[in-house]
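Try each task before you read its solution.

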Amino acid sequence: MANKATKTYTTKEMFGYLVGLFGQNVIYNIIATGLYFYFQNVICLPAMALGWIFTIARVWDAVNDPMMGTIVDKTRTKWGKCRPYLLFFPAIIGIVTILTFINGNYAEASTGTQKALIIAWAAISYIAWGMVYTICDIPLWGITSLMTEDEGDRSKILGFARIAAGLAGVSVLIVQVAQVVAGIFESSGMDHAKASQYGFIVTAAVMTIISTILFEFAGISAKERVEQSEKHYTIIENFKIMFRNKPFRQILISGILRSPIQLLMICAITLITYYYANGDFMNILKDENGNPGLNFGILIKLVIIAAAVFVGQFAAMGLTPVLIKKIEKKTLYNFFSLVGAIPFAALYVIYKISGGDLRPMPWVILSAILFLLAGGAMGGINVLQSVMIADCIDHEEYHNGVRTDGVFFSGQSFITKLSAGIASIISAVVYEMVGYSGTNIDAMNKALAEGADFITYNDGVFAASMFFLISIPPAVGMILSAIPTWKYALPDKEHKRILAALVEKRAAAEQAEAPAEEVAEEA
C-alpha cells in the first residue's frame, strides 16, 4: 500500500488503462496470429516469402522501437509524454490493420506479376502496420512507470496488464470465427477459397473496429504522476544508456535467446485448426460420416487444448505478482525458464511415442497438461520481464538522474518483435523444407475438403513439422534464456533501497519548490 507521500493511480484509472491495453492486444493478436494464418493458409503465400516478410518487418520494428522510445522521452505536452500517442493514434492503427487483409490470392493468381504484387502488398501493409503500432505500443507500456511511484502498485498494474494482454489472446479465435463467417458466404454459392478470404476480411474488420474503440480508453483514463526528467538524449545516446544498464542488458539478451518460444503463438492456431479440426472449424458441424450434426469429438478436443494454453498463462500471470512478494524475481524468472523447457520438449516426445496420432482422449489430456504447463511458464516470464524492466528504469534514474521510460519499455517491444522475427524465419525454413508452402497448401486444403485426413496427409510430414516447431526450438530457447540472468545484477533488496531513496528525493524536491504559503498550510 502506498504511503501518503507516494503518488499512485486510482482504481478507475487502472481499469480504463487495462481496457485500453486489452483492445490494443486484441489488435496485436489479430495480426500476429490471424494475419499469419491468413497469409499462409488462405491466400497461400510461399513459406520463404512469408518468413522474410515477417522477419524483415519485425527486425525493422525492433530497431525502430528504441527510436520511438527516444521520441516519447522527448515529448512534452499538457497530457504528458505518453498519453498523446494513446489518444490520437489508435484509429490509425485500426485502419492499417484492416488494410493488411485486403489482398489477392497467391494460389489463384495467373501471372508472375500478379503474384509479385500480392507479395509486395503483403510486405508493405505489414511493415506499415508494425511502424504505426510501435507509435502506441511504447507509450502504452511506458506509462505504467509514470502512473505510480509505489513498487507494489507498479507490480500490481503490470501483473493485471499481462492478464489483460493474455485475455486478449481470445482474439486468436479470429481464425475459427472467420471460418464460420466463410461458411455463410460459401452457403450462398461462393467457392471455398473466395469464401475463406471474405470470411477473414469481414471478421478482421469488425474485430478491429471494436478493439480500436476499446484501445482509446487507455489514453482517456491513464494519468502521468511521476515527474519527468528534464534531461534529453539523442537516439545514439539512448542506445548507449540501454546497453550500459547491466540488469536491463541481461534481460534483453535473455529475451532474444528465448525467441523460439514465439513459435507457440505463430504455429499453435494452425496446428490446432488442422490437427484437431482437419483444417476447418466448421467440421464441428459434421458427424463422423460427413453429415450435418454436431461433432462433439472435435469440439471437446479443441476446447480442451485451447483452454489449456490460455488457462496456464492466466493462472501464472495472476499468481506471479503474489509470488514476487515472497520470492526473489531473479529466482522466479530462472525457474520459469528452466522448468518451463520440460513441457515444451515433452510435447514432441509424446507425439513421436503416439505414432503421430494424439487425437485419442488419453493423449489429448496429456497434451493439454503439457500445454497448460508451457503456457504457465510463458505467462510467468511475461509478467516478470515487465516488472524487471520497470525496476531497471528506477536503477537508471538513481544512478544517472534520468528516467528514460519510453526507451526502456521499447526494449520490451524490441524483445517481442525481434523474437517474432527470428521465430518466423525458423518456421519458414522448416515449412519450406517439408513443402508446406504456397500452392501445396491450396492443394492440401482442397484434399481435406474432399475427405483427406491431415494427420496422414503427405505421410504425416506436415503434422510432424508443426509439433516440432512448437516443441524443440522453444525448449532450447528457454534453457538458453536463463544464462544471462543467472547472476542478475539488480537484486530485490537493492531495488527496494533505490526506490525508497527516489521517492524521498522526489518528495523533498516538491516540498522545496512549493510556495511558502502552501508549506505553511501543510505545517
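**Exercise 1: one leucine and its patch**

Leu 373 sits in helix α15 (helices are DSSP runs of H or I with at least four residues, numbered from the N terminus). A quick note: this is a predicted model, where local features need pLDDT of at least 70, side-chain atom pairs count only at pLDDT 80 or more, and totals for chains, interfaces and linings use all residues. Residues are numbered from 1 along each chain as its sequence is written, and side-chain values use heavy atoms, leaving out hydrogens and water.

Task: work out how Leu 373 counts in terms of accessibility.

Solution: Step one, take its relative accessibility, 48%. Step two, compare it with the classes: buried is under 20%, exposed over 50%, partly exposed in between (1.4 Å probe, protein chains only). Leu 373 is therefore partly exposed.

Task: find which helix gives the largest share of the nonpolar patch.

Solution: Start with the members, among them Leu 285, Phe 296 and Leu 373. Next, α13 (296-324) and α15 (361-400) are the elements that give two or more residues. The largest share, 5 residues, belongs to α15.

**Exercise 2: a loop lysine**

Task: say where Lys 487 is found, and whether Lys 487 is buried or exposed.

Solution: First, look in the loop between α19 (472-481) and α20 (492-513). Then check the relative accessible area: at 70%, Lys 487 is exposed. Finally, find Thr 331: it lies 156 residues away along the chain, yet the two C-alpha atoms are separated by 9.8 Å.

Key. Patches are made of residues with over 30% relative accessible area and no salt bridge: like charges are joined within 9 Å, nonpolar side chains (Val, Leu, Ile, Met, Phe, Trp, Tyr) within 5 Å. Accessible areas come from the Shrake-Rupley method with a 1.4 Å probe; for residues, only the protein chains shown count as cover. A salt bridge is a side-chain nitrogen of Lys or Arg within 4 Å of a carboxyl oxygen of Asp or Glu.
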